[in-house]
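Please keep the structure in view while reading.

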Amino acid sequence: MNKTITLAMGNGGVENAELIQKVIYRHLANDFLAKAEDATPLRFVNEPCFTTDSFTVTPLFFNGGDIGKLAVAGVCNDLAMMGAKPKFLSLSFIIEEGFGLREFEKIMRSIKKELAINGAKVVTGDTKVVPKGGCDGIYINMSAIGERIACVSQTNIEEGSVLLLSGDMARHGASIFAAREGIELANEIESDCKSLWPVIDELLQELTPKAMRDATRGGVAAVLNEWAAATQLCMEIEERFCNVDASVQGICEILGFEPFMLANEGTFVIAVHPDDAQKALQILRRHNAQASIIGKVSTTYPRRVVLHSAWGTRRFLDMPSGEILPRIC
Amino acid sequence: MELRDLYERFRDPKALRALAKEIEREAAKLSKPINIMEVCGGHTHTIMKYGLLQLLPKNIRFIHGPGCPVCIMPKERIDHAYILAMQEDVILCTLGDMIKVPGSKGSLQDARSRGADVRFVYSPLDMLRIARENLDKKVIFFAIGFETTTPMTAALLQKAIEEGIENLLLHINHVTVPEVMRELIDSRDEHIDSYNNQIDAFLGPSHVSVIAGSKIYEEFPTRYGRPVVVAGFEPVDVMEGVLMLVRQFNEGRCEVEVQYKRSVTREGNTRAQEMIDRYFVKRELFKWRGLGNIPKSAWRLRDEFSAYDAEKVYALPKEEIEDHKLCICGDILRGMAKPTECQVFGTACTPTKPLGSCMVSSEGACAAYYKYGNLLKEVE
């Protein structure tokens with residue numbers, strides 16, 4: 001086989017079949033995929049949840065993950081946040097002609113590893129190759145069906161709900177930015193890119209969260225603002241309880257960003273009943289020592305997010321707008 | 001030393017509370033309220049972001065000054081950037097926020113979506129690499145900023161000349177601080193009537209004085225009776241700067257003091273000043289958005305460097321474009337109105353669709369009010 005991916009590999013003919021057989025099936029083989037028909041018949045799923053996402057990250061390989069891990073974790077996390085266990089996934093590639101086969105294999109290995117963590121299967125897929133310059137290396141689209149185990153939804157949030165953050169924030173955004181801009185740091189920042197089903201699974205066995213959302217693009221600020229808008233309530237958080245790694249804060253200082261606005265790929269915000277707050281914190285801390293209770297839901301300023309400082313002042317934390325970072329997920 | 005050592009202590013909650021208490025104690029002795037103009041948008045940002053107004057007594061007020069290089073850029077010059085960006089074979093580069101600011105034809109972001117090659121750089125010296133990598137293109141740097149960034153543009157030109165880079169051009173919009181401060185308290189022309197200005201004292205930006213020294217402010221206490229404290233940008237710096245100003249009033253002093261002793265001297269960075277003088281000369285007039293024409297308030301390239309001057313190489317329109325009629329940015333900048341008093345604030349004029357200069361950049365007074373909703377009651 002060639003060392004790079006050629007246009008012929010996307011032509012639907014012999015070379016295309018070879019790429020699928022030798023590379024993709026080798027990593028993803030399962031009974032559903034083996035049928036290799038136009039569509040895959042699926043087993044019945046109780047209370048199905050369906051989601052989709054596309055991934056165009058630059059660089060493709062970053063500290064803490066790559067586009068393959070990001071894609072599986074990203075789409076499965078969307079299900080997990082709704083209390084749904086990831087089951088069936090689709091996987092579509094758009095690959096630029098000349099893309100290295102070794103890199104492609106590396107991405108496939110990441111996908112395989114991340115699928116195992118989620119206990120999910122790729123059951124259908126597609127591969128297209130576009131001429132050089134037609135895309136930036138490789139793009140991935142994934143859709144996923146999950147089985148809903150608990151009714152977790154922002155509509156459950158009420159006055160008095162307690163807000164928690166599952167770890168320190170802004171790692172993914174900061175690490176991608178540092179890599180892209182060639183900023184050298186003494187301590188390299190590792191992205192928080194991670195599949196969340198294992199921690200969610202544990203949570204759901206012991207309590208039912210009101211709502212959960214992974215703080216991807218737009219960061220923690222976007223999640224809280226979306227919840228404030230959807231519930232007509234006020235999200236009040238304490239800045240000093242929102243943990244930020246020193247190197248991440250460093251990047252923010254240099255470039256003038258707020259950690260609240262930067263993307264995460266494995267850190268989520270969770271709203272629980274006050275009685276569940278300590279239990280939830282315990283479980284979150286088993287997976288990330290930086291998890292913390294950050295605030296509560298009130299009616300002080302409806303539809304707004306209020307950030308309290310350690311010196312007794314407060315301000316609104318707004319929805320991020322405009323360009324923060326060009327392309328990060 | 002770690003990076004955090006540069007800021008952590010200057011955001012210390014205990015120190016902030018202690019300073020707040022001390023300011024309150026001193027301010028109680030004031031015979032009348034004082035209005036402090038923080039000249040620089042960076043200070044406005046700090047005041048808003050850290051909620052410092054909530055820590056200050058009612059008789060200490062801030063007037064948010066014109067020191068945001070993005071906000072004060074008049075539409076006609078943004079149009080220059082837009083026109084240059086839309087030329088074939090041009091790569092136009094500038095610093096961060098500038099990309100978002102609308103001129104009469106749109107913003108540089110709009111130009112980019114219409115096919116122009118617009119990029120932002122973190123350091124002007126990045127331009128050298130872009131120029132070398134694109135020899136078939138004209139690479140234009142739309143240079144903005146106060147004294148702080150001017151030497152970097154000078155260094156860029158010096159390097160370009162040394163390395164024989166011929167496809168690099170500069171569009172210079174560097175402005176200076178003391179001239180606009182003087183204009184706000186001592187001007188009678190048709191654009192700015194500073195007769196009713198409410199400014200009692202100035203908080204000067206530390207980074208400007210790192211370059212230009214604290215000496216640039218000496219005329220303000222002596223000629224105009226306004227004390228100046230040069231302060232850093234962390235919340236503790238700003239609070240300490242305020243305390244120093246209040247003490248000047250209580251002790252009957254009126255002078256230039258430096259809070260940011262970490263790196264400000266009276267003389268400043270003389271090598272950087274020499275660099276500026278070697279490549280730049282003052283313009284007779286420069287128009288500031290919201291304020292009008294201010295004499296000697298901006299730099300241009302010296303004539304011997306005309307070959308690098310995008311304003312000379314390209315035929316760009318010279319007509320002035322009026323500010324929006326409902327906009328009261330000029331009054332806000334003179335301390336005669338608060339952002340919330342403007343009838344288009346937060347309605348027709350928002351950070352995503354700014355009408356006036358103060359809403360344009362995150363450092364502008366209106367944008368900061370909009371974003372951080374300080375004095376939450378005022379906004380609600």
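Predicted model: local features only at pLDDT ≥ 70, side-chain atom pairs only at ≥ 80, totals over all residues.

1. Look next at where the two chains meet. Chain B brings 20 residues to this contact, and chain A brings 16. On the chain B side, two elements give two or more residues each: α1 (13–27) and α14 (365–372) of chain B.

2. Where chain B touches chain A, 10 of its residues are nonpolar. The others there are 5 polar and 5 charged residues.

3. Now turn to chain A by itself. It is divided into domain 1, residues 7–148, and domain 2, residues 154–316. Taken over C-alpha atoms, the centres of these two domains of chain A are 28 Å apart.

4. The two domains of chain A also touch. Domain 1 gives 22 residues to the contact and domain 2 gives 23. On the domain 1 side, the elements with two or more residues in the contact are α3 (67–80), β4 (84–96) and α4 (101–118) of chain A. Of the elements on that side, α3(A) gives the most, with 8 residues.

5. Finish with the make-up of that surface. The side of domain 1 of chain A that touches domain 2 holds 11 nonpolar residues. It also has 8 polar and 3 charged residues.

How values were computed
Residues numbered from 1 in each chain as written. Chains lettered and ligands numbered in written order. Contact = placed C-beta atoms within 7 Å. Helix = DSSP H or I, 4+ residues; strand = E, 2+ residues; numbered from the N terminus. Nonpolar A, V, L, I, M, F, W, Y, C, P; charged D, E, K, R; others polar. Domains from an automatic or database assignment.
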